[in-house]
Amino acid sequence: MPSFVEKTLNEIWSNTLKKISANELFETPVFDAYIKMTRLHDIDDEFATIVVPFNISKVLLNDKIELIQEYLSEQIGHSVSCHICSTKEIEMIQPTHIAKRRTDLVFEDKINKDYNFENFIVGKNNREAHVAALSCCRYPGEFNNPLFIFGNSGLGKTHLLHAIGNYIKENNPEKKVLYIYSEDFVTLLIEAMKNKTVEDVKERIASVDFLLIDDIQRLKQSTSQEIFFGLYNSLIAKRKQIVITSDMHPTELKGIENRLISRFSSGLSVSVGSPEFETAKAILLKKLEGRKEEMQIDDDVLDYLATRFNSDVRKLEGTLNELFFKAILYNPERIDLAFAKEIFKENPIVAAASSESLNVHRIKQCVCEYYGLKISNIESKTRTKNIANARHIAIYLCRKHLEIPFAKIGLEFGNRDHSTIMSSYEKMTKLLKEKEDFRQAVQQIEQTLGIS
Ligand code: ADP
Ligand code: MG
């Protein structure tokens, strides 16, 4: 007989699963094969542990973690964060560890062995970030402190942080490396405040040689920022290396104190962008290593994926996983282009990628048609008036309608830096107020794009 607590946990999870299924977070065969048999192991205040049988279940759940946390919180009646563990991992946690795990989880070794420099594919989109990450490993605390890596989601920032962690563990095992996800840092501090152990936590963090802070944009809570500020200053003063990732350039971070932003800008900021076709294909080939025995996959399938999904490496990888997964279900002889096209026919990612939805390329195309230029002209460094005007307009439209960070736009326009793009945008905003011919040009281009 399950105990009352277990029964309640089972009920809570079964209701959550019902909602996951009703809202179609996963396709039915995926849900049946990988999600249905997961279970809720424990709830401890605002922290829930979910146990999964397969690694792929973990990947799938993590992919939709925000919604799952929302559904689960509804069931419990207060907000919880989820920690997803494999059956093996949960067996390793002794009951005494469970009691104090929130603190320990932050300090336990969170560096993922799967993400290293060897399996990080370097391309134009991430060359600077890659070199900067390596140089932090070789000359810690000396040149690029802090190193600030920013860019859209799914482009390898977390991979690089772990790669730094793994490099140090292998080459300088005497050094202490701490990887912290920013939200975990907030949770940890809130907990420490309750338990009056803040000083202890601060001491532990201040004693590391490398602090790797992931997704700093999530460090929203003001007391945590205050504490982080103190730790940051003391680590930098001791020439300990800090590496930070974010989805924005430091100056575009919202909800983070100015004094922190100015500190972040004092080291080196480098961006990661979307990989070009060759890099995307090389990433696919890397991810395929060791999976070839599962099923043969044709080369033109990789071309197909690398062309369509290169804006987000996580999705690119996801499509590969989906193909292999569907291949297990439908059992074709090999994964060929026809099979891949069939699988992705109804996939919303493909639909969005292939439809006429607005994107940087379409904006560039339309602006260039209007000015009678080639796309390569506005990506080039040429400053001829006509070309520069077209470039300013394209940049202006990208920012206005796609709301992407200046740094990302910079990558799309011949690797220009964030401040050049920002001043181009500001210049065009001003010109539009002053000059009728610019207003007309923008209006007409917007009309052609169907966004006026
Ligand atoms: P981010 O932190 O920028 O959102 P991640 O580092 O989590 O992105 O990357 C998402 C996935 O894409 C990971 O599985 C990562 O290994 C993979 N990835 C991203 N860029 C590369 C790359 N250049 N080479 C190999 N894998 C990559
Ligand atoms: Mg990340």
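Buried means under 20% relative accessible area, exposed over 50% and partly exposed in between, with a 1.4 Å probe and protein chains only. The model is predicted: local features need pLDDT of at least 70, side-chain atom pairs count only at pLDDT 80 or more, and totals for chains, interfaces and linings use all residues. Residues are numbered from 1 along each chain as its sequence is written, and side-chain values use heavy atoms, with hydrogens and water left out.

**Exercise 1. Determine which residues of helix α12 are buried and which elements they pack against.**

Step 1. Helices (H or I, at least four residues) and strands (E, at least two) are DSSP runs, numbered from the N terminus. Helix α12 covers residues 222-237.

Step 2. The expected span of a helix is 1.5 Å times one less than its number of residues.

Step 3. S224, Q225, I227, F228, F229, L231, Y232 and L235 are the buried residues. An α-helix has 3.6 residues a turn, so residues three or four places apart point the same way.

Step 4. Contact means heavy atoms within 4.5 Å. The partners of the buried residues of α12 are the helices α10 (182-195), α11 (198-206) and α13 (258-264), together with the strands β6 (210-214) and β7 (241-246).

Step 5. After α12 comes R239, with a positive phi near 60°.

**Exercise 2. Carry out the span check for helix α4 and list its buried residues.**

Step 1. The twelve residues of α4 (residues 65-76) should span 16 Å, and the end C-alpha atoms are 16 Å apart, which agrees.

Step 2. Buried in α4 are I65, I68, Q69, Y71, L72, S73 and I76.

**Exercise 3. Describe the surroundings of ligand 1.**

Step 1. A residue is near a molecule if one of its heavy atoms lies within 4 Å of it. Ligand 1 is surrounded by 18 residues, of which G154, K157, T158, H159 and E317 are the closest.

Step 2. A polar contact is a pair of N or O atoms within 3.5 Å. The side chain of T158 has an N or O atom 2.7 Å from an oxygen atom of ligand 1; for H159 the corresponding distance is 2.7 Å, and for a polar side-chain atom of Y115 it is 3.4 Å.

Step 3. On its own, ligand 1 has 550 Å² of accessible area, and the protein covers 95% of this.

How values were computed: Chains lettered and ligands numbered in written order. Polar contact = N/O pair within 3.5 Å; in protein donor to acceptor, adjacent residues only side chain to side chain. Areas by Shrake-Rupley, 256 points an atom, 1.4 Å probe, with all protein chains shown as cover.
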